[in-house]
Each structure stands twice: as C-alpha cells, then as structure tokens.
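Please open the model in your viewer and keep the sequence beside it.

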Amino acid sequence: MRSAKRAGPVLNRRAPMPVVVHSAPLVLPVCADPIRDGAVATKGDRVVEVGTRASVTTSFPAAEELRWTGMIVAGLVDARAAGSASVLAAGPGVTARAGVVTDLAEPAGVPGMSYVEVTSASEEEWETRGRDAVITTIREVDRPCAVGIAAHTPDPQVLEDVAVLARTFGLRLLVDLDRHSPAALDEAGVLGRLCHVAVSRPLDPGERKLLRLRKTVVAVCASPAPDVLALLDEGNAVALGTGAGGGPSGVLGVARGIRQHARELGLRTRGLDGRLVVAATMGGARALGMDRGKGRIGSLAPGARADFAVFDARGRYPYAALLAQPPCLGTVIGGAVLPAA
C-alpha cells in the first residue's frame, strides 16, 4: 500500500540555505596546512567544507562559486581594539575584535566581544554607582555571551569585586598590563582562562611565567615588542591587538613590526611568520573565548563561523606573503561578502 502524498504547499517551512563555494589559488585555514587551488564551502554563516577546489566543487556541484584571486585566509582577530567601529576602521581582514565600549547600544560593526569599561577610582565610587551601572548594562544586553568587562580601575578592592562579578555572570575580563602588574591581578583573582591581558611593554620572566601558569592569553599591542619571541618560545598563549589607539595597518601591521624588529636584532626567526599569523587569528579567538565549538572563529574548518578575508598575496611562502601586508580584496563575515576598504 502506497503512503498518501501530502496535497498542497507545505507552510512555515524555510527554504534550505544555498551553499556558496569560495575558491582561490591558495587557502590558509590556519588550523591546517595551506591548500593550493583550494576552496571554502559556506552555508549561511557556517563553514561546511574546506579542501581543494576539485574536492569541494565535487561535494557541492550545484553550488554557486565565487572565484577569488590571491589568498583566502581565516579572519583576523584584533584582541585589543578601541571602542565600537565600522568594518572599515577595524583594519584589513579583521573579522572579529575585542572592543572596549561605554555604550553597548552603539553598533559594533565588526562582531566579537564588547567589553564594558570599569573605571571607578575608589571602592566607595564603585559601591555607590559603578557596580549597579555595570550589572544593569549587562542584564539589558540581548547577547550576554558577547559581553565582557574591561577592568580599568586603579583600586585593588574594586578589581577583586569585578573578578567576582565576572565569574558570577560568566563574563570574560580584559586588563591592560600598563595599568596593573600580573602579580597584582593574580592577587585580586583576575587572571585565569576567562581573562586576557593587553601589553605594550616588556614582561620579565616571572611575569611571563605567571601568565602562562594561569593560562591567560597575552595580547601584544605594540611593535617592536622585544619579548614576543620569549612569550612564544616559553609557551605563552599569544594574540595580537592594535591597542587603544587603533591603527590603519591593523594586526598584520603589528605582526610585521614584530618580525622586522626580530630580524634587526639578529634573532632566530625560523617559523616566526607562521606563528605570528596564528597569533593574529587563532590566538585572538582564544583571547575572546571563541576558539572552540560550533561557530568558532580564527580558523577555517567545518562548523566554524564563515569569517575570512581575501588578500592579493601570492608566492611560495604564504605566511611571509601575508605579513608583507598585501591589499585586502574582500572580507566575509558570517557568510556575508563585504567589499574591500
């Protein structure tokens, strides 16, 4: 007996999202080796397949293909940027950023993490109006997972309370080491997996070790930065940021400055290009707590968010070509194609 067929149109059923294949002479997933003549297949805001162009187009023969020149690379992550800003102001190829804001209602432009600034100069000021204002702001936000706290207070007691508040709400913390030493932050309970620190000064071996033990990501926001190689060699988790002042060259400019300074000092730089690109992508994702699970950023693999940039870069050594700061041809954020700046 044949089953009855449903007559008439099916209501309230969305049409399936189309698959789009982005291909280029070179794909740099960051979490895997570079792929010559590669492609990234996206569906909605997610990556569904990464591989050679031949294999991806075979998997999705009916998909629309967007053919790019140059290199597709996982979206760059600015681990310490200033305020809310448009895509154009975020730096070439940046698809996520850690922005310190005063008003969460401002349009973020580039997704990532928005950090509410705490600047209370004393415990009294914090108790009187600071804490309630921060709690109210957090509760009114539609997506609390995308909100953190930037602890810019000089008061150690306020720091301790901010750390408790962050743990209570499950929020991430951002602290500038120009304001506090790692030891003071550790004493206040700030350091840990939920925290990342921004630094534009050298760190001594003890400070690097403490941050490493607490599994706190270090966002380097200056170039030249004399101890980046030490941070990388000793096993610290490293990200890159443009700092509070921002900068038109973006995180690739910071990476290029670090490499150039290392060469000028005659330091060993074997493999440094690749490590700096990892810091500018997966390192930044880790700083924001967005490096794992579905919708992760900073790398290109099935399940990751469809965030990547396309640079007019070619050559035998892809990481070096990227650090040469080639023109950005376009950016894709959440599957949406944005024009080049």
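Begin by selecting helix H7 (residues 250–264) together with helix H8 (residues 272–287), whose axes come within 10 Å and cross at roughly 150 degrees. Axes here are lines fitted to C-alpha atoms, for helices over the stretch in contact, and angles run from 0 to 180 degrees between N-to-C directions. That angle makes H7 roughly antiparallel to H8, because angles over 145 degrees count as roughly antiparallel, those under 35 as roughly parallel, those from 65 to 115 as roughly perpendicular and the rest as oblique. The crossing of H7 and H8 is right-handed, a word used if the near helix is turned clockwise from the far one by less than a right angle, with left-handed used if anticlockwise. To see where they meet, show the side of H7 with Val-251, Ala-255, Ile-258, Arg-259, Ala-262 and Arg-263, which is in contact with Leu-272, Asp-273, Leu-276 and Ala-280 of H8; contact means heavy atoms within 4.5 Å.

Before going further, please note that this is a predicted model, in which local features need pLDDT of at least 70 and side-chain atom pairs count only at pLDDT 80 or more, while totals for chains, interfaces and linings use all residues. Residues are numbered from 1 along each chain as its sequence is written, and side-chain values use heavy atoms, with hydrogens and water left out.

Now zoom out to the whole protein chain, which has nine helices and 16 strands, these being DSSP runs numbered from the N terminus (helices H or I, at least four residues; strands E, at least two). Of its 341 residues, 50% count as buried, where buried means under 20% relative accessible area, exposed over 50% and partly exposed in between (1.4 Å probe, protein chains only).

Next, select Leu-174, which lies in strand S10 (residues 172–176) and is buried, with a relative accessible area of 0%. Leaving aside neighbours within four places in sequence, Leu-174 is in contact with residues including Arg-80, Val-100, Tyr-115 and His-196. Between Leu-174 and His-196 the C-alpha to C-alpha distance is 5.3 Å, although they are 22 residues apart in sequence.

From there, turn to the nonpolar cores, each a set of buried Ala, Val, Leu, Ile, Met, Phe, Trp, Tyr and Cys residues joined through side-chain atoms within 4.5 Å. The largest has 76 residues, and among those with the most contacts inside it are Ile-72, Val-190 and Phe-311. Apart from that core lies another, of 20 residues, among them Ala-150, Leu-174, Ala-287 and Met-290.

Which strand holds Asp-78? Asp-78 lies in strand S6 (residues 76–82), where it is buried at a relative accessible area of 1%.

Finish in two loops. Val-30, in the loop between strand S1 (19–28) and strand S2 (35–43), has a positive phi of about 75 degrees although it is not a glycine, and at 10% relative accessibility it counts as buried. Lys-215, in the loop between helix H5 (205–213) and strand S12 (217–220), has a positive phi of about 55 degrees, and at 41% relative accessibility Lys-215 counts as partly exposed.
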